[in-house]
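User: Hello! I am new to this structure and would like to go through it with a few questions.

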Amino acid sequence: LQLVELANLDAEPDFTTPLYETGVIEGLQQRLQLPAGILRDASTYAWRVRTDYGSQGSSAWSAAFRFRTAVSPPSAPTLQTPTDGATGQSTTPSLTWTPVAGADTYRLQLDTLASGTAQPGPTTFDNPQLAEQTSDPGYTVLAAQSLRPGRTYAWRVRAVREGVEGSWSTVRTFSTQTPAPDLLAPAAGAEISTLEPALRWT
């Protein structure tokens, strides 16, 4: 019988309390398929084997080999605000999304849709107007990045965990508020001589 031990080195430095141990009948196979649910992603493990001869004792343990499981891509965030298709939004909007477990950072992309276009197309985000990275599940557009009034924008977010990018969220759109007209004449505080003035604005 060959005994196999597995230790999680992220939890303890040695095999004092093995994470998993089992026996394999010698001669039939020198191979063990670990069952599902034993290993976790982004974790370091060590394993070793020795032969048990029953009443004749056991061999020494083999050298312990280490391995590390890969980082699984984080799930896609769910966009929260603005709601999809929202209108009348500020030109410096706050964009928010749900936190993703294990995510270190988030990558945000925002792009302008072509005039008269309501939905993003295949070239949207090829050269996004805004591309930011943040550790928070939200981003407020800065005054220096101010969006244009009366335009429609598309945005999306992906989570990043230890350098591994997850899938993009679904894409949402919103429209910024149309600027208020500027009054031209009569000017503010002006005294006029006619009772039938022409009112002008931009």
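This is a predicted model: local features need pLDDT of at least 70, side-chain atom pairs count only at pLDDT 80 or more; totals for chains, interfaces and linings use all residues.

User: Which residue in β4 does Tyr-45 stand opposite?

Analyst: Residues are numbered from 1 along each chain as its sequence is written, and side-chain values use heavy atoms, with hydrogens and water left out. Strands here are DSSP runs (E, at least two residues), numbered from the N terminus, and two of them pair if DSSP finds at least two bridges between them. β3 pairs with β4 (residues 65-68) in the antiparallel sense, and the residue opposite Tyr-45 is Phe-67.

User: How many bridges join strand β1 to strand β3?

Analyst: Strand β1 covers residues 2-8 and strand β3 residues 44-51, and the two run antiparallel. Leu-6 has Trp-47 in β3 as its bridge partner. The number of bridges joining β1 to β3 is seven.

User: Is Leu-183 buried or exposed?

Analyst: Leu-183 lies in strand β14 (residues 183-185). Buried means under 20% relative accessible area, exposed over 50%, and partly exposed in between (1.4 Å probe, protein chains only). Because its relative accessible area is 74%, Leu-183 is exposed.

Note on methods
Helices (H or I, at least four residues) and strands (E, at least two) are DSSP runs, numbered from the N terminus.
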